[in-house]
Amino acid sequence: MITREPHIFDPPANVFAAAGRGIIMACQGTGQALLLLLGAAAQTPHLFSRKNRDDVMRQLYLVGIKSLGVVSVVALFTGMILALQAGLELRRYGQENNIGTLVCVSMLREMGPFMTGLVIAASVGSAIAAQMGTMTVAEEIAALDVMSINPLRYLMMPRLVALAVMLPLLTVYTNLLGIFGGAIVGATQLGVSLEAYFDNAFRYAENKDLYVGLFKAFLFGLIVVTVACHQGFAATEGAVGVGRATRRTVIVSFLLILVVGYFVTRMFYQ
Amino acid sequence: MIRFENVTKRFGAKTVLDGLSFEIEKGETFVVVGTSGAGKSVSLRHMIRLLTPDAGRVWVGDDCVNEAGGKKLERILGRFGVLFQSGALLQWLNVEDNVCLPLRQKSKRPDGEIRRLAAEKLALVGLEGVGDKTPDNISGGMRKRVGLARAIVTEPEIILYDEPTSGLDPVISRQIDLLIDDLRKKLGVTSVVVTHDLYSALYVGTRVAMLHEGKFVVCAPPEEFVASEHPIVRDFLQAQSIADMHDVRKAFGK
């Protein structure tokens with residue numbers, strides 16, 4: 001059962017008791033979130049079953065297609081800013097032709113998955129947390145539990161699949177648009193021809209850069225859906241609790257995306 | 001059919017259920033009344049494992065609910081239909097899909113048959129022709145009736161009603177009460193109703209229990225309940241202007 005019993009604690013006696021309780025609750029929360037992720041992952045064999053197919057398709061559409069607008073703007077301007085900042089510096093040394101390499105490698109390795117992860121955490125993650133939170137406080141999750149309809153299969157698994165599939169795909173799209181945005185700035189602001197830009201862009205980029213970036217995006221997708229569902233399922237106290245779950249989802253997802261992104265980079269490039 | 005054995009439940013320093021023991025027989029409508037925060041819904045939630053007792057046991061038939069897990073718990077829960085206080089309908093599904101949900105997710109019946117059963121149950125609760133409306137486009141009373149249709153679509157042995165008339169106007173409340181009574185007669189189910197509405201309790205109940213400070217202070221058939229001299233019961237009856245069963249029957253036009 002996903003529905004949890006309410007925990008009512010006495011006020012902590014002092015600052016150390018409060019800190020200790022905070023640490024214990026953070027550990028419990030991490031454990032619960034990982035169990036949710038494993039539970040939902042265990043339901044993925046039912047992905048194409050009659051009962052889940054439509055929900056999975058709807059979530060793929062919501063995460064992938066509905067996010068295209070905001071991802072496009074963010075991707076394009078990320079590439080443009082990278083090209084402009086780097087280009088202005090490189091021009092002092094007559095190296096502006098190399099901005100293609102810089103933009104391409106930055107987008108593939110870091111900026112593509114990172115920016116896509118942040119955008120999806122803020123848009124899709126917060127929406128999932130708000131929806132799950134509202135369902136929890138309105139007893140809809142309890143109703144599913146009582147009807148023996150597993151919320152991990154019915155609600156979380158379609159969202160897990162959608163984010164795990166769509167975040168890497170959106171990252172590919174972000175990479176392409178970012179590199180294209182850099183090309184526009186190169187051609188219009190820095191006097192770098194499109195031919196020179198793309199020639200440089202793909203000369204030093206490796207397949208590994210793309211794969212590592214996509215692996216990061218996949219992990220970011222798991223992070224966003226796990227944090228959002230965990231926070232949503234734990235929501236209490238009506239609208240205030242739903243707001244709190246949504247805010248925490250965005251904050252925790254952002255922090256985990258940063259930290260996990262760093263460690264994946266270290267693992268593959270050090 | 002349902003048995004509580006010395007069930008104790010605490011939330012922080014507050015003891016909500018204090019060694020509560022009672023038994024509900026098959027086919028009866030057992031009503032739990034009490035003031036807000038007395039623990040009525042808490043006792044109901046123990047029957048379906050949304051809460052587990054700090055001490056004591058809850059039995060459904062020969063199965064101990066608080067010790068069951070996995071398939072056994074699923075089998076126990078399959079005996080229940082639950083009408084939640086808010087209806088607990090899924091907002092993105094229309095009325096028909098909400099009622100179809102338990103069968104679509106838990107049975108292998110063809111979709112046509114599931115739709116037919118859903119339409120049958122919607123008709124039973126007096127809702128025909130609203131299948132394509134979404135929950136936010138129907139009234140509170142209709143939402144409760146849709147919740148009830150969803151609760152009975154799997155043809156459960158036991159139906160739990162959590163505050164079925166709260167937030168509804170008196171006319172709609174009486175309609176819901178008549179419906180609960182009607183369902184017991186038509187389906188022969190065992191019902192447990194939690195309410196603070198004494199008119200409702202005394203009309204639908206075969207036994208009414210007053211929960212106060214974690215225990216039942218009175219648990220008796222409606223006629224005996226109304227005649228009780230217990231001060232908590234008397235206060236409750238007076239607060240709702242009920243002198244005898246005649247007042248209750250009058251409220252229902254009988």
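In chain A, helix 8 and helix 9 pass each other in a right-handed crossing; a crossing is right-handed if the near helix is turned clockwise from the far one by less than a right angle, and left-handed if anticlockwise. The structure is a predicted model, in which local features need pLDDT of at least 70 and side-chain atom pairs count only at pLDDT 80 or more, while totals for chains, interfaces and linings use all residues. Residues are numbered from 1 along each chain as its sequence is written, and chains are lettered from A and ligands numbered from 1 in the order in which they are written.

**Chain A**

Chain A contains nine helices and zero strands (DSSP runs numbered from the N terminus: H or I of at least four residues for helices, E of at least two for strands). Its C-alpha trace spans about 65 × 55 × 35 Å along the principal axes. Of its 270 residues, 47% count as buried, where buried denotes 20 or more other C-beta atoms within 10 Å of a residue's own, exposed 12 or fewer, and partly exposed the range in between, with C-beta atoms placed from the backbone. Among contacts in chain A with a separation of 6 or more, 87% join residues 24 or more positions apart; two residues are in contact if their C-beta atoms, placed from the backbone, lie within 7 Å.

Helix 8 of chain A (residues 207-233) has 27 residues. From its first C-alpha to its last it reaches 39 Å, close to the 39 Å expected at 1.5 Å a residue, the expected span being 1.5 Å times one less than the number of residues. Because 19 of these 27 residues are buried, helix 8 of chain A is largely enclosed by the rest of the structure.

The axes of helix 8 and helix 9 (residues 238-269) of chain A come within 9 Å and cross at roughly 155°. Axes are lines fitted to C-alpha atoms, for helices over the stretch in contact, and angles run from 0 to 180 degrees between N-to-C directions. The pair is accordingly roughly antiparallel (over 145 degrees; under 35 is roughly parallel, 65 to 115 roughly perpendicular and the rest oblique). Residues making this contact include A:F215, A:L219, A:I223 and A:V227 of helix 8 and A:V252, A:L256, A:V260 and A:V264 of helix 9.

Within helix 8 of chain A lies A:L219, which is buried, with 21 other C-beta atoms within 10 Å. Not counting residues up to four places away in sequence, A:L219 touches A:V260 and A:V264. The C-alpha atoms of A:L219 and A:G261, 42 residues apart along the chain, are separated by 8.8 Å.

**Helix pairs**

Two packed helices are described by the angle between their axes and the distance between the axes.

| Helix 8 and helix 9, chain A | within 9 Å | roughly 155° | roughly antiparallel, right-handed |

**Chain B**

In chain B, the contact between helix 3 and helix 5 joins B:V95, B:N98, B:V99, B:L101 and B:P102 of helix 3 to B:V146, B:A149 and B:R150 of helix 5.

Helix 4 of chain B (residues 111-124) comprises 14 residues and reaches 20 Å from its first C-alpha to its last, close to the 20 Å expected at 1.5 Å a residue. Its buried residues are B:I114, B:L117, B:A118, B:K121 and B:L122. Seen down the helix axis, these buried residues fall within an arc of 135°, so they line one face of helix 4; the arc is that of the directions from the helix axis to the C-beta atoms. They pack against helix 3 (95-106) and helix 5 (140-152) of chain B. The face of helix 4 turned away from its buried side carries the exposed residues B:G112, B:E113, B:R116 and B:A123. Just after helix 4 of chain B, B:G126 takes a positive phi of about 80°.

B:K121, a residue of helix 4 of chain B, is buried, with 22 other C-beta atoms within 10 Å. Leaving aside neighbours within four places in sequence, B:K121 is in contact with B:V99, B:A149, B:I152 and B:V153. B:K121 and B:L103 are 18 residues apart in sequence and 13 Å apart in space, C-alpha to C-alpha.

**Contact between the chains**

The contact takes 19 residues from chain B and 18 residues from chain A. On the side of chain B that touches chain A, helix 2 (70-77), strand 6 (80-83) and helix 3 each supply at least two residues. Helix 3 of chain B contributes the largest share of that side, four residues.
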